[in-house]
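Me: Hi! Could you walk me through this fold, one piece at a time?

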Amino acid sequence: MLGPDTEIDLARAALLIAKTEYPDLNLERYLYRLKQLAAEARAGRVELDPLRRLHRLREFLFEEAGFRGNVEEYFDPRNSFLNDVLDRKLGIPITLSLVLMEVGNRLGLDLQGIGLPAHFIVGVQIDGCQILLDPFHGGTLLTAEGAQELVSRVLGRRVTLQEEHFTPVTKRQFLARMLTNLKAIYWRTG
């Protein structure tokens, strides 16, 4: 991953991570699947309003297509591999964020990953306002206060989030967090 952060193809890089577990993985098949999801979300509708496009994307991915957080087996390594998440429609916050971002970006939405402490969400700027979404919980819209409550619940203690917590991560930071999660999952499961 040499070169500028903006030139990193996040989906391809995530699939290369999955290739360590699945050496025969066909990257192009899964990149095409993301393109297909965007086409299905669009489904003949040309929506010019970005807020309506965002709502349609949430509705499609989390209601119609059935993507959801794997609360039953959160530490299953398959939740961390993009190919498995696309096949099973189950994942953890960061991989579901990746699906939301990649499909949304193909629909012309500039979705960014936001690495909160112990939880990953997605943000997008629309009409000068930052909109926060929690893909692990069905694409729920969050306020800054709601995000703070969510992180406090996950960590089991009161947390105060600052403005910098809502700054989008770089693609390198995103991938590093994916690898850190995988390392922790494998360590936890032995």
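Me: What order do the strands of the open sheet come in?
Reply: This is a predicted model, and its open sheet of four strands has the order S3-S4-S5-S6, with antiparallel pairing.

Me: Which strands stand at the edges?
Reply: Strand S3 (112-116) and S6 do. Each has a single partner strand, so one side of each is left without a neighbour in the sheet.

Me: How much are neighbouring strands turned against each other?
Reply: On average by 40°, if you ignore direction.

Me: Let's go pair by pair. How many bridges join S3 to S4?
Reply: Five, and the two strands run antiparallel. For example, Gln112 has Gly123 in S4 as its bridge partner, Gly115 stands opposite Phe120 in S4, and Leu116 is partnered by His119.

Me: And what sits between S3 and S4?
Reply: They form a hairpin with two residues between the strands, and Ala118 there takes a positive phi near 65°.

Me: OK, next pair. How many bridges join S4 to S5?
Reply: Five bridges link strand S4 (residues 119-126) to strand S5 (residues 129-134), and these two run antiparallel. One of the pairs is Val122 with Leu133 in S5.

Me: Which residue has a positive phi in the turn of that hairpin?
Reply: Asp127, with a positive phi of about 50°. The S4 and S5 hairpin has two residues between its strands.

Me: How many residues lie between S5 and S6?
Reply: Five, and this is a hairpin too. Gly138 in the turn has a positive phi of about 70°. S5 and strand S6 (residues 140-142) pair over three bridges in the antiparallel sense, and Leu132 stands opposite Leu142 in S6.

Me: Which strands does H5 lie across?
Reply: H5 lies across S3, S4 and S5, and it runs at about 25° to S4.

Me: And which strands does H6 lie across?
Reply: Helix H6 (residues 144-155) lies across S3, S4, S5 and S6. H6 runs at about 105° to S6.

Me: Changing topic: why is H1 described as largely enclosed?
Reply: Because seven of its ten residues are buried. The buried ones are Leu10, Ala11, Ala13, Ala14, Leu15, Ile17 and Ala18.

Me: What covers those buried residues?
Reply: The cover includes helix H2 (27-42), helix H4 (82-88), helix H5 (93-106) and H7.

Me: Let's look at H7 then. At what angle do the axes of H1 and H7 cross?
Reply: Helix H1 (residues 10-19) and helix H7 (residues 171-189) have axes that cross at roughly 25° and come within 11 Å. Angles under 35 degrees count as roughly parallel, so H1 is roughly parallel to H7. Their crossing is right-handed.

Me: Which residues make that contact?
Reply: From H1 there are Leu10, Ala13, Ala14 and Ile17. H7 brings Lys171, Phe174, Leu175, Met178, Leu179 and Leu182.

Me: Now H2. How far apart are the axes of H1 and H2?
Reply: The axes are 10 Å apart, and H1 and H2 pack at an angle of about 140°. H1 and H2 are therefore oblique to each other. This crossing is right-handed.

Me: Which residues meet there?
Reply: Ala11, Arg12, Leu15, Leu16 and Lys19 in H1 meet Leu27, Glu28, Tyr30, Leu31 and Leu34 in H2. The residues of this contact divide into seven nonpolar, no polar and three charged.

Me: Thanks! Last one: what describes two packed helices?
Reply: Two packed helices are described by the angle between their axes and the distance between the axes.

Definitions and conventions. Residues numbered from 1 in each chain as written. Predicted model: local features only at pLDDT ≥ 70, side-chain atom pairs only at ≥ 80, totals over all residues. Heavy atoms only, no water. Axes fitted to C-alpha atoms, helices over the stretch in contact; angles between N-to-C directions. Parallel < 35°, antiparallel > 145°, perpendicular 65-115°, else oblique. Left-handed = near helix turned anticlockwise from the far one by under 90°. Contact = heavy atoms within 4.5 Å. Pairing = 2+ DSSP bridges. Buried < 20%, exposed > 50% of the residue type's maximum accessible area, 1.4 Å probe, protein only. Nonpolar A, V, L, I, M, F, W, Y, C, P; charged D, E, K, R; others polar.
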